[in-house]
Amino acid sequence: MGRTIAGAALLAGGGAGAQAGEPALQLTVEPQESVLFSHRRDACEPWDIPDTPTRAFRDAAGTIHVFQSHHRARASVGESFGTLRHACRIAFQGGGRDDPASFSNRSWIAATFTQDGRTVHAVVHDEYHGHEAGRCDTAQADACWYDTLTAAVSRDGGESFEPAEPRLVAALPRRAEETRGTRAGFFEPTNIVPVTGGFAMMANVVAPEPQRSGNCLLRTDDLGDASRWRAWHDGAYRTKLADPYREDADPAAHPCDPIDPAALPWPVTSLVRHARSGQWIATMKGRRSGADGRERTGVFVSTSPDLLHWQGPALVFEAPLMGSGHPCAPERPIGYPALIDPESPDPNFATVGDRPVLTFVRSRLEGCELGTDRDVIMRPVRIAAR
């Protein structure tokens with residue numbers, strides 16, 4: 001381990017015309033829209049909702065599987081993005097246990113990757129809510145929210161998944177009861193991308209000191225062994241991620257360094273590599289005041305030649321946001337943005353050409369609350385060098 005990302009990840013084309021702080025690529029989101037998933041048309045039950053960014057792969061027969069669901073994971077399947085049909089069969093769900101040490105609580109398939117179209121590895125976003133187990137007052141739900149990343153695997157091309165062993169991918173070196181008082185853990189992993197000698201992803205870490213919160217970069221050389229993931233720290237993938245329920249872990253001994261917080265100030269929701277330039281593109285939702293002093297919210301992107309040094313962010317699509325803190329204010333807020341190219345030759349859609357699409361979830365508010373009525377929208381994007 002302990003190696004920096006090399007080879008394909010270090011292609012640095014596309015940045016020559018960018019000014020300092022600007023992304024190396026210019027993304028233009030076009031106004032026309034199409035619907036990838038309609039809750040009113042496609043949902044199999046009320047809480048069959050899009051609750052992650054778009055994740056997709058092709059199986060051995062070339063069929064596309066898209067996972068973008070709640071903690072009962074269902075896939076949309078088809079020969080192309082235009083022919084996807086949402087399946088009501090549950091492909092995976094967590095155990096719903098009240099024990100944080102089980103790492104089998106409420107579980108979302110958050111990333112997938114296949115090398116042969118038959119065995120599909122998944123990284124799972126696992127949420128433990130202590131207030132549901134009576135560990136905290138229900139009015140303090142965030143104070144008992146503890147997240148980890150776990151592993152699952154499919155042996156039938158993505159039709160069904162089961163927990164992998166070992167299961168734990170990433171946890172804070174603290175137990176749930178040690179973080180009580182604030183939401184904490186590894187949240188919202190990106191899609192998995194290939195890098196020289198292995199695979200990488202980002203995850204957003206929310207943690208008490210000494211760990212700094214931000215986007216951590218993780219790498220493994222073996223998707224079949226969850227214990228092989230390492231976190232970037234001090235110039236290399238040095239940090240082995242501890243299981244706090246198997247050992248008394250020293251938080252100072254298991255750090256990950258947030259990657260370029262100025263350019264990646266919000267959770268990264270997708271990572272793709274622009275094939276022509278070699279630049280990586282990170283997609284985020286966020287809010288920022290412009291030179292005119294007006295705050296704008298929506299989808300932002302940053303770019304990088306190596307996953308470590310980033311330029312941006314730049315607002316590419318202005319829209320109200322889900323979870324904005326003012327649920328009654330915005331009309332039809334959005335969340336979970338991802339950049340994906342339906343024509344990518346990559347079976348895991350980790351690369352994009354010059355004409356990908358931006359996908360995002362758009363919600364219809366129920367009174368002042370985010371509810372179940374959510375759709376997945378696609379908008380065409382044009383990519384050009386600055």
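Predicted model: local features only at pLDDT ≥ 70, side-chain atom pairs only at ≥ 80, totals over all residues.
W145 belongs to strand β11, residues 145-154, and F187 to strand β13, residues 184-187, so the contact ties together parts 42 residues apart in sequence. Are these two residues buried or exposed? The cut-off for buried is under 20% relative accessible area. W145 has 16%, so W145 is buried. F187 has 5% and therefore counts as buried too.

The count of aromatic pairs comes to eight. Another of them is F81 with F349: the centres are 5.5 Å apart and the planes stand at 80°, so that pair is edge-to-face. Where do the two residues lie? F81 is in the loop between β6 (75-78) and β7 (85-86), while F349 is in the loop between β23 (334-340) and β24, and 268 residues separate them. F81 and F349 are both buried.

β24 brings me to the sheet. Five strands form an open sheet with mixed pairing, in the order β22-β21-β20-β19-β24. At the edges are β22 (311-318) and β24 (351-352), each of which pairs on one side only. Inside that order, β19, residues 268-274, runs antiparallel to β20, residues 280-289, and five bridges join them. In that pairing, V268 stands opposite M284 of β20.

Terms used:
Residues numbered from 1 in each chain as written. Heavy atoms only, no water. Pairing = 2+ DSSP bridges. Helix = DSSP H or I, 4+ residues; strand = E, 2+ residues; numbered from the N terminus. Phe/Tyr/Trp six-rings, centres within 6.5 Å; stacked < 30°, edge-to-face > 60°. Buried < 20%, exposed > 50% of the residue type's maximum accessible area, 1.4 Å probe, protein only.
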